[in-house]
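Have a look at the model as you read.

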Amino acid sequence: MRKLFLTILLALCAVSVKSQSYIGFLTDNYSGVHGVINNPANIVDSRFKTDINLAGVSSFVGNDYYGVNFSDIFDDDYEIEDDARAFPKDKNNLLGNIDVLGPAFMFNINERNSIAIYTRARAFFNVNDINGETLESLINDLDDNIDFNVIQGDAYGSANSWAEVGVTYARVLMNKEQHFLKGGITVKYLQGMGTAYATGTNLAVDFDANTTTSNGTVTTTGEIAYGYSENLEDLDDVDIETISGASGVGADLGFVYEWRPEYKKYTSTDSKGKQFMPKDVNKYKLKFGLSLTDIGSVKYEGIEERYDFNRTLTQNDFEDIDIDELERFYGTPTLVESEKAVLPTALHLNADWNINQRFYVNLNSDLSMTAKDKVNRSRVANTLSLTPRFESKWFSFYMPLSLMQHSGFNWGAGLRAGPLYIGSGSVLSVLISDETKAADVYVGLKVPVYQSRPKDKDGDGVLDKVDECPETKGPEENYGCPWPDTDGDTVLDKDDQCPEEAGEVENNGCPWPDTDGDGLLDKDDSCPQVAGPQENNGCPWPDTDGDGVLDKDDNCPDVPGTVANNGCPEVTEEVQKTLNEYAKTILFDSGKSSIKSESNQVLVDIVAILNEYPTAKFKVEGHTDSAGSAKLNQRLSDARANAVKNYLVENGIDQFRLSAIGYGEDRPITTNKTRAGRAQNRRVEINLVNE
């Protein structure tokens, strides 16, 4: 039995590989067709026109039982079971895979759709919950003199290998300003290449040493069952090949969301409103991926053998038992139909931060969705990885830091240089640790055909894709064409409100109008809506008092008058008569020029009449009778005329409208021979002065 356990467990330990592949490389936006491994949505809106993988392989050694100093394994006499440090627990685990990506390609059909076809060969190995303490006792040989009793409990182990051909379709589901979403699905045909599994239920080993014969007894309890394909029947001559009748179907499903806060920076629009975004740059600031991979199983035709493990054997028999001799020691097994090989279904959560188009930080989590306590289940190790990277079209470098279930912390490095990709998720931790539980490496060659950088022949900053004048520089607002000046008025059409008619710069390219047709342009017309003469700035002359005489010709613009009197009210004969009738009643002190107070009302009435004719000029005339000397009468008539004039001026009549003159006794209106006649001749007249 010792040979049986060691042959199976140590052989599998030697080829144990990690269940994740191409660590670090898959975070690269230039991983190309490899992107379908973790998320089929990755291939659409990629940085490739097409990407052709020639061959690539990823392999990883990992477990939580052995810690190895890798500098020692190159010694010729190094034996892992003797020289490595063991970490036995009641539940130790070994798990892994080898992943070979054969000829594969992806192709962008258009901006929204992409496809990929790939070939792939994979092998998974899982040993779950095996009792490391029992395993250590078996490896170190049974001690003849020490009894032990270790409860093994339940244990599960499986090894599966298969080939797959996958077809992936991915498309853009949403492209709305800052928000971008794409999805993809892979359907794959699975061809089995071999399966083997074993389970133990309530296993226990009880060693009772015999100190006299050095041949103690070993009591085993529980139940053991195993099944395998024909090509794995002989462990000394394992033949990995496709098996007729062993096939299945699998699927992957994934989505990627990108947050593009600077989407305007990457968006160009042509004159027809069609938007264009360059394909050669990453446009996201943050990217989130969610995928479910390896849904499916492979069905093998085979038989499972179940043994009752409740037996007591001698120490020698137990140590020498072979898998072919189980029936001899444990009796005829129960035969049932073998279990199908379930793929390592996993949920992948991914977040990528674009720092500055060259430096990125990626956070990735791989979660197994298959139970480790089920029969013939392949599973991935739950992993959390943080990967800073430098990324460009022809070169990328990354340093993943991972916390991996069962293997602990790993620190790696990798690069992509054109067609070559090579790296390891653990190379640095292997170099600095003397108790490494994991070590991996991957390498491959591809033929990348990158998206070309959009051209800008005229160097105006407008890409030829949306440039309507790709040979001539022009602004982006005019779709790369220079702004025209159709009417040649030096105002560009974009600013010209009359692009077909030459105009003035000050009037936004339009000729100045003459809205009212008065011969004066609106820009100079104070009344652009009403015709008027140029002398009045395009406005019609007003007639404020409405007397039919325009203000410009109206000497009395605020008082209605007559045309004949230049717009001023005309002093009629009747008014003149009334005025003189008033004037004749003005009384003076005898022999003097002072006006008697009883004449004040008459003078007020005269002032009122004169105010009604504001531009008319009047002459105040003084007259006397013939009594007395002519010289005295002349002086008295002058004094009295000026006294009346002064009164009128003092009460608001413009002095320039008045003149005063005395005529003495020269202009009598009746005889001076009678008292009544002389009284009429002593008078004051106010007469209109006609100019």
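## A buried cysteine pair

Cys556 counts as buried, at 4% relative accessibility; buried means under 20% relative accessible area, with a 1.4 Å probe and protein chains only. Cys568 is buried as well, at 1%. The sulfur atoms of Cys556 and Cys568 are 1.9 Å apart and form a disulfide, a term used here for a pair of cysteine sulfur atoms within 2.5 Å. Both cysteines lie in the loop between E25 and H7, so their link ties together parts that are twelve residues apart in sequence.

This is a predicted model, in which local features need pLDDT of at least 70 and side-chain atom pairs pLDDT 80 or more, while totals for chains, interfaces and linings use all residues. Residues are numbered from 1 along each chain as its sequence is written, and side-chain values use heavy atoms, without hydrogens or water.

## The other links

The count comes to four disulfides, and their pattern along the chain is 1-2, 3-4, 5-6, 7-8. Among them is the link of Cys498 and Cys510, right-handed with 95° about the S-S bond; Cys498 and Cys510 are both buried.

## A three-stranded sheet

Strands E27, E26 and E28 form an open, mixed sheet in the order E27-E26-E28. Here strands (E, at least two residues) and helices (H or I, at least four) are DSSP runs numbered from the N terminus, and strands pair if DSSP finds at least two bridges between them. E26 and E27 pair in the parallel sense over five bridges. Within E27, Ser659 stands opposite Lys619, and Leu658 is the bridge partner of Phe618.

Conventions. Buried means under 20% relative accessible area, exposed over 50%, partly exposed in between (1.4 Å probe, protein chains only).
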